[in-house]
Amino acid sequence: MKLIVDSGSTKADWIAIDDNGKVLFTTQTLGLNPEILDGPEVITRISDRFDILQNKNNATHLFFYGAGCGTERMQTELTRIFRDFFVNAIVEVHEDTYAAVYATTPKGEEAIVSILGTGSNCSYFDGKILHQKVQSLGYIAMDDCSGNVFGKELIRKYYFNKMPKELAVEFEKEYNLEPDFIKNKLYKEPNPNAYLATFAKFLIKHKDTEFCRKIIFKGMKSFVKNYIKQYDNCKEVPVHFVGSIAFYLKDELQETFDKYELQLGNVLRRPIDGLIAYHVANQ
């Protein structure tokens with residue numbers, strides 16, 4: 001049994017397949033970002049799903065693609081945790097960008113591959129090797145155009161009284177905006193980035209309002225300038241995206257790309273289905 005996992009900070013999709021690529025089971029856990037979780041919490045989140053716990057000794061391979069796995073230290077730490085849990089499995093841990101690459105470039109063509117979900121990332125794939133010019137410093141310093149950055153912007157606009165009244169009223173109905181509640185979520189509970197990203201749903205829901213459009217296009221402009229334009233050939237290759245923010249704001253991405261004369265390629269909400277095909281073909 002092979003386990004394939006695509007994990008963001010908010011959630012992780014798990015699929016178990018046999019050697020022929022037949023799906024044995026699928027499940028979902030909370031996100032498994034090693035930069036914001038310790039080992040015991042990772043194990044708790046895995047053990048919470050019966051299918052995973054029941055088959056922990058049956059797994060022969062674990063292919064994990066996750067947010068927060070961009071450094072060797074994080075990859076090594078998460079590999080150790082998984083090996084202790086899946087005792088019979090060969091474990092491979094890769095940053096989440098590789099999942100996006102394998103899902104959006106099935107023929108191995110050159111492309112810029114980006115992630116716009118809870119967090120954000122951007123890399124260049126030359127057909128064989130992944131090249132990254134911007135090393136992420138996480139949700140506090142970077143993550144342009146991501147769900148957590150959009151969420152933070154909405155909270156700031158609300159608290160600085162810069163959100164239109166009619167939107168503010170609806171915002172108050174949909175979220176608990178008490179200062180103590182927000183501060184507890186941000187500074188005392190795990191996954192503050194995932195919490196911030198929950199507010200992005202409001203932005204998407206009201207994306208046709210002038211207020212939300214300004215926030216969206218400001219974020220996309222920043223992502224293009226700070227990430228995509230790092231690559232000299234950005235106008236010569238397609239730019240693929242994976243993630244809920246990209247998926248639900250695809251029209252806005254296309255509008256932004258037209259302005260900068262960029263080629264919008266595949267836009268997928270989740271890369272997990274593409275990963276199955278990749279691992280069956282490369283087993």
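Helices, here H or I runs of at least four residues, and strands, E runs of at least two, are DSSP runs numbered from the N terminus. The model shown is predicted.

**Figure 1. Leu-249 in the loop between α11 and α12.** Helix α11 covers residues 244-248 and α12 covers 250-260, with Leu-249 in the loop that separates them. Because its relative accessibility is 0%, Leu-249 counts as buried, the cut-off being under 20%. Leaving aside residues up to four places away in sequence, Leu-249 touches Phe-150, Ile-204, Lys-207, Ile-216 and Met-220. One of these, Ile-204, is 45 residues from Leu-249 along the chain, yet the two C-alpha atoms are separated by 7.2 Å.

**Figure 2. Strands β1 and β2, joined by a hairpin.** Strand β1 (residues 2-7) pairs with β2 in the antiparallel sense, over six bridges. Three residues connect the two strands in the hairpin. Ser-7 has Ala-12 of β2 as its bridge partner. Strand β2 spans residues 11-17, and six of its seven residues are buried.

**Figure 3. Strands β2 and β3 with the hairpin between them.** The pairing of β2 with β3 (residues 23-30) is also antiparallel and runs over seven bridges. Ile-17 is bridged to Val-23 in β3. Five residues lie between the strands in this hairpin, and among them Gly-21 adopts a positive phi near 90 degrees.

**Figure 4. Parallel pairing of β4 and β5.** Strand β4 (residues 61-66) and β5 are linked by six bridges in the parallel sense. Within this pair, Leu-62 stands opposite Val-91 of β5.

**Figure 5. The two faces of strand β5.** In a regular strand, side chains alternate between the two faces of the sheet.

**Figure 6. The protein chain as context for the close-ups.** The secondary structure comprises 13 helices and ten strands. A compact globule of 283 residues would have a radius of gyration near 19 Å, so the 19 Å of the protein chain agrees with that expectation. Along the principal axes, the C-alpha atoms fill a box of roughly 55 × 45 × 30 Å. Of the 283 residues, 51% are buried. Among contacts with a separation of 6 or more, 66% are between residues 24 or more positions apart. The chain exposes about 13,900 Å², with 49% supplied by carbon and sulfur atoms. The mean positions of its 35 positive and 38 negative charges lie 4 Å apart.

Technical notes:
Residues numbered from 1 in each chain as written. Predicted model: local features only at pLDDT ≥ 70, side-chain atom pairs only at ≥ 80, totals over all residues. Heavy atoms only, no water. Rg over C-alpha atoms; globule rule 2.2 N^0.38 Å. Buried < 20%, exposed > 50% of the residue type's maximum accessible area, 1.4 Å probe, protein only. Contact = heavy atoms within 4.5 Å. Areas by Shrake-Rupley, 256 points an atom, 1.4 Å probe, with all protein chains shown as cover. Lys, Arg positive; Asp, Glu negative; His and termini not counted. Charge placed at Lys NZ, Arg CZ, Asp CG, Glu CD. Pairing = 2+ DSSP bridges.
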